[in-house]
Amino acid sequence: MADYTLTSTPPLAGHDRKFGDTRLHAPANLAIVSIALPLGGETAAKSAIKSAYGGDLPVPGKSVVTAKGDARLLRLAPDLAFVIFTHAGADAVDIVAAKLKGTAYLTDQTDVWCALELRGPMARPALERICPVDLHPDAFALHDGARTIMEHLGTVILRTDTDTYLLLSGASSADSFLHAVETSIENVT
């Protein structure tokens with residue numbers, strides 16, 4: 001019997017393309033763990049999150065970078081958030097679980113999503129073509145996040161810097177998502 005070793009690889013691993021001064025790349029080793037606040041246990045979970053990450057869980061639609069700068073908390077709904085951090089192993093949920101000590105329900109979402117980071121002067125114009133969210137800085141501030149649709153694909157968009165956006169979409173449609181974003185960039189450059 002043959003002996004095979006399988007290695008988990010993000011669907012867009014290694015993708016890195018420049019369009020003039022605008023760069024589209026797949027961040028390496030991005031781990032995503034969802035936190036669901038338990039009914040009746042919200043206070044304990046929020047307290048554990050504050051102790052573990054050095055700050056409060058943000059309000060829905062917002063994100064914060066942790067006190068140590070090693071993770072980002074993105075609140076998607078009143079009882080749901082993501083912890084996004086760099087980690088190469090398959091034990092991302094164990095890392096968060098050790099910090100939260102059973103106060104919340106956790107699910108490793110790393111393999112569910114594909115991630116793209118779009119950075120540069122044409123990032124917003126490119127995204128405005130395919131994203132129904134108002135991305136003007138007055139409406140979509142730094143650290144804002146939203147669930148939306150881009151070219152018929154469910155997406156989470158997060159503004160991480162002045163001209164930088166982290167985009168998450170379903171891993172099963174990663175190639176279609178990449179094609180939609182690249183085509184939009186090409187059409188504005």
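How many residues lie between β9 and β10 in their hairpin? Two residues separate these strands, and one of the turn residues, glutamate 151, has a positive phi of about 50°. Before we go on, a word on the ground rules: this is a predicted model, in which local features need pLDDT of at least 70 and side-chain atom pairs count only at pLDDT 80 or more, while totals for chains, interfaces and linings use all residues. Residues are numbered from 1 along each chain as its sequence is written, and side-chain values use heavy atoms, with hydrogens and water left out.

Strands here are DSSP runs of E with at least two residues, helices are runs of H or I with at least four, and both are numbered from the N terminus. Two strands pair if DSSP finds at least two bridges between them. Strand β9 (residues 145–150) and strand β10 (residues 153–161) run antiparallel and are joined by six bridges.

Most residues other than glycine have a negative phi. Histidine 152, in the loop between β9 and β10, has a positive phi of about 70°. Histidine 152 counts as exposed, at 67% relative accessibility. Histidine 143 sits in the loop between α3 (123–130) and β9, and its phi is also positive, near 75°. At 24% relative accessibility, histidine 143 counts as partly exposed.

Now to the aromatic rings. Rings of Phe, Tyr and Trp (its six-membered ring) pair if their centres lie within 6.5 Å; planes under 30 degrees apart count as stacked, over 60 as edge-to-face and the rest as tilted. The count comes to one aromatic pair. Phenylalanine 82 and tryptophan 113 have ring centres 5.9 Å apart and planes at 70°, so they form an edge-to-face pair. The pair links distant parts of the chain, 31 residues apart: phenylalanine 82 is in strand β6 (residues 80–86) and tryptophan 113 in strand β8 (residues 113–119). Phenylalanine 82 is buried at 2% relative accessibility, and tryptophan 113 is buried with a relative accessible area of 14%.

Finally, look at helix α4 (residues 174–188). The expected span of a helix is 1.5 Å times one less than its number of residues. The 15 residues of α4 should therefore span 21 Å, and its end C-alpha atoms are 22 Å apart, which agrees. Buried residues of α4 include Phe177, Leu178, Val181 and Ile185.

Notes
Buried means under 20% relative accessible area, exposed over 50%, partly exposed in between (1.4 Å probe, protein chains only).
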